[in-house]
Structures are given as structure tokens and as C-alpha cells.
Amino acid sequence: MKLRALKYRKGDQTKLSNLKKGQKAKVVFLDAQDKALRRRLLDMGITEGVQIKIKKIAPLGDPIDIEVRGYELCLRKYDMSLIDVEVIS
Amino acid sequence: MRVALIGNQNSGKTTLFNLLTGTNQKVGNWPGVTIEKKIGVIRGTDYEIVDLPGVYSLSPYSLEEEISRKFLFEEQIDLILNIVDSTSMERSLYLTTQLLELGIPMIIALNMSDIADKRGIHIDLKTLEERLDTTILSISALKKTNVFNLIQYIKMGDYRKNLYQHIYDHELEEAIESIKKVTKSKHPQFLAVKLIEDDQTFVQYHNDATKQIVDDLSKRYLRDMEQVVADERYRYIENIRDEAVTANRDQMTWTDRLDNILLHRVFAIPIFMVIMFGIYYLAAGPIGSFTAQMVGNYMSIFSDWTRSLLIGYGASSWSVSLVVDGMIAGVGAILNFLPQLAILFLLISLLETTGYMARIAFFLDRVFQKVGLSGKSLIPFIIGSGCSIPAIMSARTINDETEKRMTIMLTPFIPCSAKLPIITLFAGYFFKGNSGLVSASLYFFAIGVIFLSAFIMKKFWFKGKHSSFILELPDYKIPNFKFILFDVYEKVKAVIAQAGSIILLASIIVWFLISFSWTLRYGVDPNLSILASIGKILGWIFYPMLGTYSWGAAVSAIQGLVAKEQIIASMAIIAGYSDTTSEGVLIFGSSVFSFFTPASAYAFMVFNLFSAPCFGSIGAMNKELGSTKKMWQAVLFQTGIAWVLAVLVYQIGHLIEVMI
């Protein structure tokens, strides 16, 4: 639980699922082993280098709505933990 | 000439299709409304246009996307009309660049240009046209701007020829060229890219030479080729975006403001409950049952009037009985509920078009995840309160096989509009003071049964594995009332058509079976009729939930397979017939059904709500589950649960009744 409270700052490398609402990050690596899932994430525009912003969090804490390439996409936390990012702000 | 209309999910394809063809296909504001291709003719031409389910990419993820891909790759298409959502250009162009690789002439319609304008997104059409070498038109399907010009363009045929632009880096492009030399296809460029990506659906096109080329290539990149292709494609699009699109970033849209309230950490769920209660209150609750009573009064006046009219003309007693006790009693029992159903259809349509539906899926996903379902299951469940058939079909958008199968099996548990008459009738008669509460309790009962069954299935049947939830959250839209009214009108029309065909026919059959004995003597005591003898064979099934052998309840419940509203129609005929005073439609006053107590009434409702759905829905389940065996499993599972619950309800309820 303590880890969760940790706030990631600019330049930190972490998983997308660890970010707070309003934070921005750049995708570094897509760690999804499931081929179909990775394909879908790629198709939805989550490629290496793309900027992601945490926009809305569901009232029950999961899933999370992110802004990517100018539109909004909902993902479950588990899937977001497969995306390695570098924090921008 | 054949035109294929294709674009992302929820990009307004169907709205445009309706405008181009002058038809009225169903539209909504959640990803995946169109699940099958629809064919029409463009106004003022003889061009065929095909509306394909929305896709994000030509590497399909769910079933309805597979339909689109297959169609584009295998069928003869003369022109692709690619509809692009101006408010999310990057993601849309990802599909566009794949479509260009098919080498089919293409026109791009930039839709929602009005919304993009308002958001400060400016698109330089000329640069975009240059870069893609494709004719581009800015339109708004909703406001009908520029649609006429679009038709003109299609008619004239003078669009740019979209020569292929180099979008990948040097090495990839070279590999594509060499693959094109050693393969044969209608779409060589597209196939070459798919072979490099190692797309499993195209393995049969591989030969030794192509395998060699792809092997060499992946050795040089040392990365998964699928990822390389996607990266390169998006890099190319980013370049185009930088040249042709300017946007004010990070501004607060009114969708964001609305979401701040509707998706609020504390208020979201209470607001959702209020909305659901409102829908229930208007459709199933007090307002709905009030309209049903009102129409019912007119119906019995009409019934009496017809009777005296026919007798006045000197009609024989059996023909009067056929018309009044058979046809009018049966069909009328359904038509009573027409205004109530119209209210329900209107409210569901509103949920679908505003964009709130996708939000419900979003914030309840967590709850559904716990029992092995997905937030997306909620879309079929909500549509299912109208009719199970489209609801079962809409489960296609769920990509995980297990979640999809469970959703299909559970959707019929939601009381559909045809079951609403059963609830209204029983709750209104047996729970007079608390009819609202009782009918509400049945919806909660249904939700409870869904969660319980999902839990059981997850535990013993489909052992848990991880699944994903990937859903685009659309902007809120003010619904187009013309579309909504048309949607409601179509559904109401379907109910009337069903009442006038299947229900009418079934009513005549029931009338015949109850009017005649096996020796074909007319006017026998109903207890000696053919119907009664059939019912008596089945009576034991219902004994544990009714506390008595009732042939009338048994035959009526079985007829629920034809259509759930037929249960009421059948009971009305049987009651009207058996009753010596023959006083209209007061079903429970008749001797055949006077045995019902609140406990058995509730149990009977539970059975009919949760047992096997009507043939139409069973057919839909068969189609969507993809196997007759799975369909039978589903039907038996549903009926089994329904029987057990109904028996439990009666036994417990009866105990309470006896004690009081």
C-alpha cells in the first residue's frame, strides 16, 4: 500500500498504472505478452514514444480513462501495468 | 458499381449511410452499434453501398471487425468511402493508411467537421489531400453539410487516384517490394505488409521466398515486426498531422465538465441509480402500469362492442367466440401494454444516443470483472430490457470469448419488454398496495440472478483467466430526436406486427384447443378440452411452484417459448373462456386461475422471467454462441435456474403465508 502512495515525478520510469490523475507520460516499452492484446494496444495508438495523459478514473478505481492521440480510451489497471512509461509531468 | 463505407467505430458511418441512401438504419453513440454489414443504394444513382461494422484497424480483434476485413479483402469493391472522425485524426488515419494499401480507389469524408471547428481543431484539407493523394471532403453527417457534394463526387468519378505513398523506412519498403514480386494477390501491397506482420489469418499466403524475406527482415530489426510496422505507420501519420492539423491542446470540453459530475468518485453511482430508477419508474413502474390500465379499459369496451355487433348481425356463437374470446382477448392482452413499451423503447434509445451507455460500461466494469464479466456486458443487459434479440447480438463487441459467452447466456435473464406485461399484470393484481415495489424487486431479482449465475459459471465452468477491457469513451452528444422517434416507431411497429401475426395465430390455436375436445365437439367444459389434457400432462412440472396442478398455468408458461407476451394472451383466453360470466379480461377472477396466491404468483413470475427465452432469442443465442450444443446448454441452464428459484420462492412464500 505504501508503494501506491508514492508519487512519480518527471523523468521517473514506471508503469502506466502507477500514475495519478492529470499526470502525463511517454510510452517507453510495451510489455504485453498476449499477442492479441498487444496488437490491439498498438492499433489504438499506444506505440513507443506516444504521450499519454491520465484523464479520468472510474469511481471504483478501475478502469482508467486515458487521453492518447487526441481521443479517450478506457483500459483496465492490469493492462496498464504492462505499459512502461517515462513520466513527463 | 459497389462502394464500401468504412471507418472507426462510432465515427458516424451509419448516420452517413442513412443520408446517402435515404433509409433509416439504427444509430447510437457507443462503439459497435453496427454489427453486420448493411447494403443500400445511393440516392439518384444505381450504386450499391455497403455499411460495414466500424474497425480501428484491418487486423481484427472481435467478430464484427472480422466481417469488415473479410469483406474488404475478398469482395469486388470499386470505391472505398472512408469516413474519418475529424476530432481524432491520428487514430482515424491509422486505418486510412491501411485502406490505402488495398489499392482500391478511395474518397475520404472528414466527418464531424463542425465539432472539430468548435474545439479549435483546424485541418488543412489541401495539404492532407496532397500527402495522402486522395480526394477529401469535409462533411457533417449529423448536420447534413456537404453530403450532396459527396454524392456528386462519387457519381462523377473524378477523384484522385491515391497512388501509394511510401510510409515505412527504406528497409521495410524494400522488403515489401520483394514480397510483391513473389506473391500473387488482388491487393499485393496489403498482403505484403500482413505477411511481414506475421498476421495469422494470412499464413496460407506465405511461400518459401516470402518466409525468407520476412526472416531476414526480423533479424535486422531485432524487434517484433508487428510492432515495427505499427510504429512506422504512426510515425508517418504524426508527420502528416504536424503538417496538416493544428489543435488547441488541453482545453476543457463540455464532455469533460459533464464527466466531472457523471463520473464523479462519489456521485457517479448514486446518479446512475437515480437514472435507472427513473427509467424503471416511467416504463415498468406506476406510470407504465397506469397507461396499461387505461388502454385495457378501452380494450374491454371494444371487446364488448364487437361482441354485441357480431351477435346483432346474427353470427353463430362459435364465430363470435373465435373473434372475441380468441383473437381480441389474445392480441388485445398485448396491445394494452403498447404505450408502456413505447416509453421503455424511448428511454433506452436516449441512453444509447447520448453517450452515457459507454460511461456505464466504464464505471461498472470493476463490479462485473469480479464475477468474470466485462463492463461491456452492461450494453447487452440494458438493450435487453427492450428486447433480448438485438441485445444478444450486441454482445459481439465483447472481445473475450468467455465473457462474451457468459454475457449471451445471461442477457435473457433481464426482463425484456415482452415480460413487462407479465410483471405489470401479476404485480398489479396480487400486490395492489405495493405493486411498484414488487415489480422493482423483480428487476433486482434479475440482477441478483445474473451475478449469482456468473459467479457459478466462473467458479465451475469457465475457470478464470485474465481478460482486457479496451473501450473508446465517446463524446456526449445531444440526441437527434428524429432518429430516436424513428427508432421507437420501428420497435413499436415490430410489437404490433408480432401481435398481429404470431400472437394472433397462436391465439387462434389456443382458442381452438380450448373450445374443442379430442372428439372435436365444440363448446365443451374447458376442463375437458384438448388444451386441458395437454396441460395436465405438464402440470407436475409446475406443481412445486404453484402448490396445485394447474393445466392453465402450465400450457400458458410453455407458450412463452413462442413469445413471452403470449403467456398473458393465453391466460386471457383461457380465463375469458372458462369464466361463466365471461367478463372481459379479469384473468384472476376466473375459476381456472383463482388458485393463485401472492406466493405462487411471484413464483410463477420468477419462472417465466428467467426460464428459456422465446424462440427468437434462442435462435439469436444459437447464432452468436456458434454451436447448437452451447445453445442447449444455455437454455437448460436458464430453465434449470428458473425452476429452482421459482420453487424456492413458492415454498418460502407459502410458509410465510401459512404462518400469517
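Reply: In this predicted model, strand β2 (residues 24–30) of chain A is joined to strand β3 (residues 51–57) of chain A by 3 bridges, and the two run antiparallel.

Me: Why are β2(A) and β3(A) called paired?

Reply: Pairing needs at least two bridges found by DSSP. There are 3 bridges here, so β2(A) and β3(A) count as a pair. Within it, A:Lys26 has A:Gln51 of β3(A) as its bridge partner.

Me: What makes β2(A) and strand β6 (residues 83–87) of chain A a pair?

Reply: The same rule, at least two bridges, applies. These strands share 5 bridges in the antiparallel sense, so they pair. In β6(A), A:Ile83 stands opposite A:Leu30.

Me: How do you know that β5(A) pairs with a strand of chain B?

Reply: β5(A) and strand β9 (residues 470–472) of chain B run antiparallel and are joined by 3 bridges. At least two are required, therefore this is a pair as well. A:Leu75 is found opposite B:Ile470 of β9(B).

Me: What makes a residue part of the contact, and how many residues does each chain give?

Reply: The C-beta atoms of two residues in contact must lie within 7 Å. By that test chain A gives 29 residues and chain B gives 33. On the side of chain A that touches chain B, α2 (35–43), β5 (71–75) and α3 (77–80) of chain A each give two or more residues. The largest share, 6 residues, is from α2(A). By class, this side of chain A has 14 nonpolar, 4 polar and 11 charged residues.

Key. Residues are numbered from 1 along each chain as its sequence is written. Chains are lettered from A and ligands numbered from 1 in the order in which they are written. This is a predicted model: local features need pLDDT of at least 70, side-chain atom pairs count only at pLDDT 80 or more; totals for chains, interfaces and linings use all residues. Helices (H or I, at least four residues) and strands (E, at least two) are DSSP runs, numbered from the N terminus. Ala, Val, Leu, Ile, Met, Phe, Trp, Tyr, Cys and Pro count as nonpolar, Asp, Glu, Lys and Arg as charged, and the others, Gly among them, as polar.
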